[in-house]
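Open the model in your viewer and keep the selection panel at hand. The stops below each say what to select and what is there.

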Amino acid sequence: MQGALPVSLIPGDSVLHRVHPLPKMIWVVLYVVVAFMTQNIIVLYGMAVLALLLGVIGGVVKPLLKAAFIIVPIGSSLLALQLMAPAVEQPWTQIAQLGPITLYEDGLYYGLVLLGRIVACLLMALVVVMTTHPSDLFTTLAKLKVPYTLNFMMAMTLQLIPVFQREVGIILSAQKSRGMKGNGFQAVLPSFVPVFVGAIERVQQLSISLESRGFGSAGHKTSYRQVRGKASDWFLALLAIGVAALLGTVSILRGGWNISGLLVVEPATAVTVWVVSATVFLGIIALALILSFRKS
Amino acid sequence: MAKKSPLPTPAEARAASEHAIVVSDARYVYPNGKVVALNGVSVTVDHGELLGIIGQNGSGKTTLTKLLNGLLQPSSGTVVVNGIETTGRTVQEMSAHIGYVFQNPNHQLFARTVQAELEFGPTNIGIEGEELAERVARAVEFFGLKDVIDEHPYRVSFPIRKLVGIASIVTMEPSILILDEPSTGQDHQTTSIINNLMRKLAEQGTTVVCVSHDMPLLADVVERVIVMKDAQIIADASPREVFADKPLMARTNLQAPQITEIALQTVVPLGGPIALTPAELADDLGARLSSKG
């Protein structure tokens, strides 16, 4: 489907595609752990840049940035709201006043921390999803003794995403051919009812098909795909564990490693950030509403 | 980009255009730039013509039909439908002129009742009041949907659902109708309804384009067949000529209707007709038997 978010394997033969899925899963877990242990924005945005670099190495940077675009509305709303009402304990330090709106210095820093966590974890997870074949992931998790049913559900979810994306494309084409406007909320019902019905039917058929092929049978299950790791893969995993342990330890010892005290934020900067983020967020909502009610 | 002028009504456009469809040297390359789905295709279809498109999967049949209603825009060349060049036109604009019935009805049905489903398309192109009610009533009558009119489209059987999908486009009364694999998953009764529909629409002046692997259906109904292979049109003739062309059938991995194959091996070498239907073959065999006394 053209224009769909590419949240699935992007076929390739890069170094990253060839890395064993287990080290890649370890990276994702460590990213989440470190991101939620530290409040150091240099570390957080450094992690995001590293994930982006991995995307470049994996040859998936274009679809990665396309999929990561979803951060824009989330990030802009997050920054705008945090500047007005920080999610940290009071007292807050006022930095600027815009009519009835008060902006707080704590909010700007904490908003950047929250955004950094989302950006870093999302980019890393996307890089791993885009460079790992779902079946390899399935085989790896099976070797780790993850319950077969749970493992199958995860792998199937990843495999069904592109199928449903393609389905949405066909359904939108079918409805446009019937004169439906292709954008906005008015397209939701005609487009998503067939998607959901199709999804339910597909799952029903899949479950019958699985049962008929011995899915629920007891005993040892084998795998067609064989995944073997190289020494370099395990080195990368150990390196990541080492770096994460270091960053985690420093973060704990420094009480979250908050470096807001080292940053000098001018009131004009806070106002600019708030105006830009609020404008972007409200602009996206306005655009969605205009597209919804625009006459074709 | 300058805004395109509003389109004429389907009736005006049809009256003003010499041909229903004119595709000139159309080429379509997928956005990844690697797959050429259509390569220099040219074809002209007259108003009221019944056209079949055949070819192996991946030969470019669906891409060609998607160019016709604006779902895809040609990478080069032109596509003119009812005198309207599709480039720069939206699918919604073209939907009043050209109807497209998708292969799987589940891709287009969403409303709570069959009635609402039949009304959806016409209301999108501004049909309302009595005319809307008449169009729906005509479709209900023709497709035999009276008993399921208040049912949810997903609660009726697949063949009936398929008829609802076709009827939901027919109520828009486009002057060109594209049917993508209309007989897939259909029983004999619904297939004959679809056959009758195609004939009736053509009689009324609607141009019908049918993409299908169902050779007996095409042999029975269409007047002209286009054969596609490797993103190009490699034959364009009557079904009799196409299905009798054994090298063409072999080259495209297609199979003529069984009745035609039987005729080619039995009565054709004796000077009999290239039968497309069992009735044609039976008539010839009957005549031969009676002449022998």
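Start with the sheet of chain B: six strands in the order E6-E7-E8-E3-E9-E10, an open sheet with mixed pairing. Strands and helices here are DSSP runs numbered from the N terminus, strands (E) of at least two residues and helices (H or I) of at least four; two strands pair if DSSP finds at least two bridges between them. Strand E6 (98-101) and strand E10 (232-237) of chain B are at the edges with a single partner strand each, so one side of each has no neighbour in the sheet. On average, neighbouring strands are turned by 20° against each other, direction ignored.

This is a predicted model, in which local features need pLDDT of at least 70 and side-chain atom pairs count only at pLDDT 80 or more, while totals for chains, interfaces and linings use all residues. Residues are numbered from 1 along each chain as its sequence is written, and chains are lettered from A and ligands numbered from 1 in the order in which they are written.

Next, select residues 50-55 and 224-229 of chain B. These are strands E3 and E9, paired in the parallel sense over five bridges. B:Ile54 stands opposite B:Val227 in E9(B).

Angles run from 0 to 180 degrees between N-to-C directions, with axes fitted to C-alpha atoms, for helices over the stretch in contact.

Now select B:Ala167. Among the residues with the most contacts inside the largest nonpolar core, of 82 residues, is B:Ala167. Such a core is a set of buried Ala, Val, Leu, Ile, Met, Phe, Trp, Tyr and Cys residues joined through C-beta atoms within 7 Å, where buried means 20 or more other C-beta atoms within 10 Å of a residue's own. Helix H6 (residues 158-170) of chain B gives the largest share, seven residues. Beyond four places in sequence, B:Ala167 is in contact (C-beta atoms, placed from the backbone, within 7 Å) with B:Leu118, B:Ala139, B:Phe143 and B:Leu145.

Show helix H4 (residues 114-124) of chain B beside H6(B): they pack at about 35°, with axes 7 Å apart. The contact includes B:Leu118 and B:Phe120 of H4(B) and B:Val164 and B:Ala167 of H6(B).

Last, display both chains: 19 residues of chain A are in contact with 21 residues of chain B. On the side of chain A that touches chain B, H8(A) gives the most, seven residues.

Terms used: Contact = placed C-beta atoms within 7 Å. Buried ≥ 20, exposed ≤ 12 C-beta atoms within 10 Å, placed from the backbone.
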